[in-house]
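Here are my notes on the model you sent over. Have it open next to you while you go through the points.

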Amino acid sequence: MTGSGCHSERSEESKGHIVPENMLPSQMGVHRVGTLAEESLDRYVSGPDKLEAALAGLSESDLDLSRTSGEWTIRQIVHHLVDGDDMWSQAIKMALGASGCTFDLSWYPGNDSWASELGYAGRPVEPVVTLFRAHRSCIAQLLERIPDSWQHYVVLVAPWVPHGQQMRVDALVNLLTEHGTEHVEEIQRVREQHGL
Ligand code: NI
């Protein structure tokens, strides 16, 4: 996928099965919920290590490489990945602290407009890589301390769900993990393309 396409794919998920049936607590034993939560948390927390490994040894000019001229550069991908984590961390925190509240993304102008306005193409990545690690650590700390944290939820209102969609913390965490993994793999493909 391209850097600009992933959120339209996510919107398809959110229409129907953002919380898969087999993740509903009524269909799982308590032990199974705990095991899945631990596995999800481990994968979520390992995200920053994977991103830093994918960026290891790259120069400033390497960060401006892309697979083709129409696709995002590594620098743009990093900013997009961390920006997504930044925004959706807020949703997780809102769910944990005020379960059932509305997380309103109806203002979101789309990935390309947002990336352009925020200057993804020219900004250094070090501060956002640090932000990524801080977010994942802080959210993980909250998940471990708040009882039943995985079952808390927000009601997402966004251009693709104007009437609202309930999203549980477990689904939000898994979405962020998958989103990060997807973009780390995209960075690795750019590196391979250029023999880096
Ligand atoms: Ni994305």
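1. Gln-165 sits in strand E3, residues 161–168. Helices and strands here are DSSP runs (H or I of at least four residues for helices, E of at least two for strands), numbered from the N terminus. Gln-165 counts as buried, with 20 C-beta neighbours inside 10 Å. The cut-offs are 20 or more other C-beta atoms within 10 Å for buried, 12 or fewer for exposed, and partly exposed in between, with C-beta atoms placed from the backbone. Along the chain Gln-165 and Phe-103 are 62 residues apart, and their C-alpha atoms are separated by 9.7 Å.

2. Two housekeeping remarks. This is a predicted model, where local features need pLDDT of at least 70 and side-chain atom pairs count only at pLDDT 80 or more, while totals for chains, interfaces and linings use all residues. Numbering starts from 1 along each chain as its sequence is written.

3. What does the overall layout come to? The protein has seven helices and three strands, and along the sequence they follow the pattern α-α-α-α-β-α-α-β-β-α. Of its 196 residues, 29% count as buried. Looking at contacts with a separation of 6 or more, 79% come from residues 24 or more positions apart; a contact means C-beta atoms, placed from the backbone, that lie within 7 Å.

4. Now the cores. A nonpolar core is a set of buried Ala, Val, Leu, Ile, Met, Phe, Trp, Tyr and Cys residues joined through C-beta atoms within 7 Å. The largest one has 20 residues, and those with the most contacts inside it are Ala-91, Ile-92, Ala-95, Val-154, Val-169 and Leu-172. Two or more residues each come from helix H2 (30–45), H4, H6, strand E2 (153–158) and helix H7 (169–193). A second, separate core has 13 residues, including Leu-51, Ile-74, Val-82 and Val-190.

5. Val-154 deserves a click. Residues up to four places away in sequence aside, Val-154 touches Ala-91, Met-94, Ala-95, Cys-101, Thr-102, Phe-103 and Met-167.

6. On to helix packing, starting with H4 (residues 74–97) and H6 (residues 126–145): the angle is about 25° and the axes are 10 Å apart. Axes are lines fitted to C-alpha atoms, for helices over the stretch in contact, and angles run from 0 to 180 degrees between N-to-C directions. H4 and H6 are therefore roughly parallel to each other (under 35 degrees is roughly parallel, over 145 roughly antiparallel, 65 to 115 roughly perpendicular, the rest oblique). On the H4 side the contact includes Val-78, Val-82, Ile-92 and Leu-96, and among the H6 partners are Val-128, Phe-132, Ile-139 and Leu-142. By class, this contact of H4 with H6 has 10 nonpolar, three polar and three charged residues. In this scheme Ala, Val, Leu, Ile, Met, Phe, Trp, Tyr, Cys and Pro are nonpolar, Asp, Glu, Lys and Arg are charged, and the others, Gly among them, are polar.

7. Which way does helix H3 (residues 47–55) run against H6? Their packing angle is about 160°, with the axes 9 Å apart, and that makes H3 roughly antiparallel to H6. Gly-47, Pro-48, Leu-51 and Glu-52 of H3 make the contact with Val-129, Phe-132, Arg-133 and Arg-136 of H6. These residues divide into four nonpolar, one polar and three charged.

8. H3 also packs on H7: the axes come within 9 Å and cross at roughly 10°, which makes H3 roughly parallel to H7. From H3 the contact uses Gly-47, Lys-50, Leu-51 and Ala-54, and from H7 it uses Thr-177, Gly-180, Val-184, Ile-187 and Gln-188. The class count for H3 with H7 is four nonpolar, four polar and one charged.

9. Neighbours within four places in sequence aside, Tyr-44 is in contact with Arg-136, Ala-140, Val-173, Leu-176 and Thr-177. Tyr-44 and Gly-180 are 136 residues apart in sequence, yet 8.8 Å apart in space, C-alpha to C-alpha.

10. Last, a backbone check. Asp-148 has a positive phi of about 55° although it is not a glycine. Asp-148 lies in the loop between H6 and E2. Is Asp-148 buried or exposed? Asp-148 is exposed, with 11 other C-beta atoms within 10 Å.

Methods: Two residues are in contact if their C-beta atoms, placed from the backbone, lie within 7 Å.
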